[in-house]
Amino acid sequence: MENISLGQILTFISFIGVFIGAITTLIAYYKKFINKILKPLDTKIENLQNISIQSQNNIELELIKVILVNFINDIEQDTYKTPMQKQNAYELYDRYKSLGGNSYIHERWNQLLKEGKL
């Protein structure tokens with residue numbers, strides 16, 4: 001092996017330091033660049049997810065409304081309902097209210113409660 005001088009060692013170490021620094025700087029620059037590009041896409045994806053959740057909630061609300069209307073009609077016609085069916089209706093009614101449903105169903109539900117039919 002040849003004689004390696006202290007100057008050569010320091011030059012090599014300096015080269016490695018500059019090389020690592022340059023790589024680190026490039027990585028940081030590309031991360032910022034990629035984040036700048038991806039941030040609007042992330043925002044759009046989040047907006048689409050929120051719209052999708054709202055659509056699902058609206059569909060769920062309408063389905064529950066149909067089920068509750070049928071249940072209330074059956075009760076008004078004195079059709080026998082098992083305790084399990086009534087429990088299911090109470091759970092659906094609670095979900096209906098939590099989704100923002102508060103229409104004629106609410107009025108009829110309260111009237112049936114006062115009449116002791118529920």
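Buried means under 20% relative accessible area, exposed means over 50%, and partly exposed lies in between, with a 1.4 Å probe and protein chains only. By that scale Glu-62 is partly exposed, at a relative accessible area of 42%.

The structure is a predicted model, in which local features need pLDDT of at least 70 and side-chain atom pairs count only at pLDDT 80 or more, while totals for chains, interfaces and linings use all residues. Residues are numbered from 1 along each chain as its sequence is written, and side-chain values use heavy atoms, with hydrogens and water left out.

**Salt bridges**

Side chains of opposite charge can pair when their charged atoms come close. A salt bridge here is a side-chain nitrogen of Lys or Arg within 4 Å of a carboxyl oxygen of Asp or Glu, and the structure holds five of them. The table includes three of these pairs.

| Pair | N to O distance |
|---|---|
| Glu-62 and Lys-65 | 3.6 Å |
| Arg-108 and Glu-76 | 1.7 Å |
| Glu-115 and Lys-117 | 3.7 Å |

Helices are DSSP runs of H or I with at least four residues, numbered from the N terminus. Glu-62 and Lys-65 are three residues apart in helix H1, which covers residues 6–76, and are therefore separated by about one helical turn.

Arg-108, by contrast, forms its salt bridge with Glu-76. Because Arg-108 lies in helix H3 (residues 104–115) and Glu-76 in helix H1, this pair ties together parts that are 32 residues apart in sequence. Arg-108 is partly exposed at 24% relative accessibility, and Glu-76 is also partly exposed, at 29%. In the pair of Glu-115 and Lys-117, Glu-115 has a relative accessible area of 41% and is partly exposed, and Lys-117 counts as partly exposed at 30%.

**Helix H3**

The expected span of a helix is 1.5 Å times one less than its number of residues. For the 12 residues of H3 this gives 16 Å, and the end C-alpha atoms are 16 Å apart, which agrees.

Ile-105, Trp-109 and Leu-112 are buried in H3. They cover an arc of only 65° around the axis, so they sit on the same side of H3; the arc is that of the directions from the helix axis to the C-beta atoms. The face of H3 turned away from its buried side carries the exposed residues Glu-107 and Lys-114. What covers the buried residues, with contact meaning heavy atoms within 4.5 Å, includes H1 and helix H2 (83–98). After H3 comes Gly-116, whose phi is positive, near 80°.

**Aromatic pairs**

Rings of Phe, Tyr and Trp (its six-membered ring) pair if their centres lie within 6.5 Å, and planes under 30 degrees apart count as stacked, over 60 as edge-to-face and the rest as tilted. The structure holds six aromatic pairs. In one of them, the rings of Phe-15 and Phe-19 have their centres 6.2 Å apart and their planes at 20°, so the pair is stacked. Both residues lie in helix H1, four residues apart, about one turn of the helix, and Phe-19 is partly exposed, with a relative accessible area of 47%.

Tyr-93 and Tyr-96 form a stacked pair as well, at 6.5 Å centre to centre and with 25° between the planes. These two are three residues apart in helix H2, about one helical turn. Tyr-93 is buried at 4% relative accessible area, and Tyr-96 is buried at 1%. Ring pairs link Phe-71, Tyr-90, Tyr-93, Tyr-96 and Trp-109 into a cluster.
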